[in-house]
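Trainee: I am new to this structure. Please take one part and look at it closely, then set it in its surroundings.

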Protein chains: 2
Amino acid sequence: WRRHVLQTARLLLPEIREALRGRRFRELKEVLSRMWPYDVVEVLEGLSPQEAVILFRLLPKDLAAHVFSELEPDLQERLLLSFTDQEVHEILEELDPDDRTELLEEMPANVVRRLLKTLSPEERRQVTAILQYPESSAGRLMSPELVEAHAHERVRDVIKKLIAKAQVFPEEVLHEVYVIDRERRLLGSVSLVRLLRASWDTPVGELVEREPIAVSAWDDQEVAARLIQKYDLLALPVVDREGRLVGVITVDDVLDVLEEETAEDFLRFAAVADPEDRYFSLSVRERIRKRLPWLAGLALLANVSSFVLHRYEWLLEQMVVLAVFIPILNGTAGNTGSQAASFVIRALATGELDPESPREILKAWLRELLTAFLGLSLPLAGVVALTTWIRTGNLLFVGVTASTMMVVVLLANTIGFFLPVLAKRLGLDPASISAPLNATLNDALTLLLYFSIAHALLSRLGGFPGGVP
Amino acid sequence: WRRHVLQTARLLLPEIREALRGRRFRELKEVLSRMWPYDVVEVLEGLSPQEAVILFRLLPKDLAAHVFSELEPDLQERLLLSFTDQEVHEILEELDPDDRTELLEEMPANVVRRLLKTLSPEERRQVTAILQYPESSAGRLMSPELVEAHAHERVRDVIKKLIAKAQVFPEEVLHEVYVIDRERRLLGSVSLVRLLRASWDTPVGELVEREPIAVSAWDDQEVAARLIQKYDLLALPVVDREGRLVGVITVDDVLDVLEEETAEDFLRFAAVADPEDRYFSLSVRERIRKRLPWLAGLALLANVSSFVLHRYEWLLEQMVVLAVFIPILNGTAGNTGSQAASFVIRALATGELDPESPREILKAWLRELLTAFLGLSLPLAGVVALTTWIRTGNLLFVGVTASTMMVVVLLANTIGFFLPVLAKRLGLDPASISAPLNATLNDALTLLLYFSIAHALLSRLGGFPGGVP
């Protein structure tokens, strides 16, 4: 047992490079054929494109297809360009149908044309059928290769059928047999293990326990992922609008979807437009495109705060010490607003909070408000009161900062709570209510409240050094 | 085919409640026995505790155990308290070993004592063995139930063994057979599908293709999850310090781990201490405990900014208009710092960036710097220059704000990049470098730079209205 750490392939890289330079191809072939596909992927991505093209040709055919499907699109494109039409055909042939779809989605138009040319009419029909489903729909993620049976078929015959299919289908679609009626409508499913447990003369229909869980090919991939996660499925059947079985989505495809969705929320929340999970492979230009628009937009939005400050310049001029407490008030409002928003965004993503149910939203918000009032706004007002007292020794100032803090914490929590819910109801991604957007809005609001309270309290209670203005 | 939406169970709730009130138990039993475990979980959690206790007793035994394992800890505790010792024993008996461990981890000490009492000596030994592994280690997640074979055993006999085990083991551990030597050291694995494909007289050892991928029981659960994700495994073997096979982790357990880890990063990044994925089931007190310490700490840290402002009160007094541009400068620095930090946190989490490789870090940072300089700091300086010009019409002020912007964007990106890397190297969670922490640090830095630049430029170039101070 060799301990597999996450960087396995990186450790192999120097040796493999050395062997490539020494043209020790037989030895390399031997080593590669015993490697896990993902380790080969990491090795290929660590090599120069020229080296990668040479190494790829040393892979046994079935491994080559598996490895190819997991490469970065730019390396896939480079490899395809270096292949003859015959080689392209062989790779495409071996690819699982869902990986073939993904490849066609990611390649530029001229490469796609070349790829489609090498497919058989049957395969081309299959690909076109899948590409009719919208991007990031369940239909795009599914494989049309699955094992189906009619309810009256005996366990013995179904197992035979399954073993025959096992020669051509990828392993992950073979753990479940789908029971259908004459119109290909899904009646239920029976696992391979359940088949093996049952007596060999039973009709498979009798082994179906529950009504099936399925997803429409038009549903979003995240719906499929959540269903697989919730019901602990290895595979989820996909049906068309008439309820006919058209494919299956396996748990391995969904592992990435779930993490990507959460990671997308995470990056979007940090004000990254159009986030992707891979970052370091992005070009500088791509990075700028993802980051600058938000930053520039928020900088312009910050002008609202500038405007508030500008309006109260006369007050600041009279009492510059007011400026000293702006960072703590602005900062706290932004921070607690992000906290509230991040919770709601997660709860919306996991389905814990239903945006369509006003009762549930109200209930959640009341708890939020209670938390904010008792637990956050009172103690934080205490913190700012203390620092104000230490710095100015003036009770009036203490009153101004502490009461501003109380009000803005409550407001920031309310805004942080409702903006994502509102975004969701408008059909936007709740995570686009990013922490920076929250902070920028809260800044303007905090300043407005702070100066209004300062003006009101100080002029009424005579705190102005030079008399009431 | 009934279309399964994510709220299925909520729709059933009113009818089930009605049936409970009407004491139509036979009908309920019938309905429940055909439901998916997770739907029953949602129904139970939607009922009052009294109703839940009654409904739970109507479940068939195997479904009851499965449902029980997925309930929230407080409902589990309540159910356990309502059971007789005999009933407790029956539930524990039926639970999968990994679920049994999880239950014991989550129950309070007095309940755990009662549970352990009802276990057989053999089961108690198994539980104690698993609890020796540290919290959130792979060992805690694994199930010791698995199918193993020696290399010389024939496919026919292994399949027979597997079918026998299929009566008692949970389905998810039956898709792979582990080949071991005399010392129980792992030699490799063979999938059930591969067994079915092979000729029945082959020794299973010949079907092993690659050296096995395994995880140590002491490794973190995230390592196990990443391996399963990377290598598209259905199950990952777990070995002890001597390399002996002790258990297996299945993909369904890992789906939640991966999403939770990413969600944890997300919440921690929004300055939530000790984040959990479920939020709305937390008590108000718990929420405060998770949120207040960070907020109060950051509010105190914001005093550094106050101190800077206090030091430059004389400058502000002379030129209150300087205050007008603080929000846009502070805001932009905080925003771009969070962007940089969020990227690095993701790259560290996925393993894209290796924190131990200075070369890789330097390379990544240089690209970051190039992005920040060309793509962010120049255009953002343009934005602030424009707004300054519109508001003041004074070229000197334009110089002050634009040059401050350029410097702080570069600095904020550098800090946002290096703090998470540093945290990781110190053994802390990189995501604890939250967006608010970034913003608070950047605030102080921005103010210091802004006033220094303003002082230097304005006094040198004579921009002070009342002469150089």
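**A loop residue and what lies around it**

Mentor: Start with A:Arg23. A:Arg23 counts as exposed, because its relative accessibility is 60% and the cut-off for exposed is over 50%. Keep in mind that this is a predicted model. A:Arg23 sits in the loop between α1 (8–21) and α2 (25–33) of chain A. Its backbone deserves a look too. Phi of A:Arg23 is near 50 degrees, a positive value in a residue other than glycine. Most residues other than glycine have a negative phi.

With 28% relative accessibility, A:Asp232 counts as partly exposed, whereas A:Arg23 counts as exposed at 60%.

Now go from the loop to the helices. Helix α3 of chain A spans residues 37–46, and eight of its ten residues are buried, so the helix is largely enclosed by the rest of the structure. The buried ones are A:Pro37, A:Tyr38, A:Asp39, A:Val40, A:Val41, A:Glu42, A:Val43 and A:Leu44. Two of these names come back in the contacts of A:Leu55. Beyond its neighbours within four places in sequence, A:Leu55 is in contact with A:Val43 and A:Leu44, and also with A:Ile16, A:Leu20, A:Leu28, A:Leu32 and A:Leu47.

The largest nonpolar core has 130 residues, and A:Leu55, A:Phe56, B:Leu55 and B:Phe56 have the most contacts inside it. Apart from it lies another core, of 81 residues, including A:Leu316, B:Ala381, B:Met405 and B:Phe451.

Step back to the whole of chain A. It has 23 helices and six strands. Its radius of gyration is 30 Å, well over the 23 Å that the globule rule gives for 469 residues, so chain A is more spread out than a compact globule. The C-alpha atoms fill a box of roughly 95 × 60 × 45 Å along the principal axes. Even so, 56% of the 469 residues count as buried. Contacts reach along the sequence: among those between residues at least 6 apart, 67% join residues at least 24 apart.

Next, the surface and the charges. Chain A has an accessible surface of about 19,400 Å², and 56% of this belongs to carbon and sulfur atoms. Its side chains include 51 positive and 67 negative ones. The centres of the two sets lie 1 Å apart.

B:Gln76 lies in helix α6 (residues 73–82) of chain B. B:Gln76 counts as buried, because its relative accessibility is 2% and buried means under 20%. Leaving aside neighbours within four places in sequence, its contacts are B:Phe68, B:Ser69, B:Leu71, B:Leu103, B:Glu106 and B:Met107.

B:Gly399 lies in helix α21 (residues 395–425) of chain B. B:Gly399 is partly exposed, with a relative accessible area of 29%.

Technical notes
Residues numbered from 1 in each chain as written. Chains lettered and ligands numbered in written order. Predicted model: local features only at pLDDT ≥ 70, side-chain atom pairs only at ≥ 80, totals over all residues. Heavy atoms only, no water. Buried < 20%, exposed > 50% of the residue type's maximum accessible area, 1.4 Å probe, protein only. Helix = DSSP H or I, 4+ residues; strand = E, 2+ residues; numbered from the N terminus. Rg over C-alpha atoms; globule rule 2.2 N^0.38 Å. Contact = heavy atoms within 4.5 Å. Areas by Shrake-Rupley, 256 points an atom, 1.4 Å probe, with all protein chains shown as cover. Lys, Arg positive; Asp, Glu negative; His and termini not counted. Charge placed at Lys NZ, Arg CZ, Asp CG, Glu CD. Core = buried A, V, L, I, M, F, W, Y, C linked by side-chain atoms within 4.5 Å.
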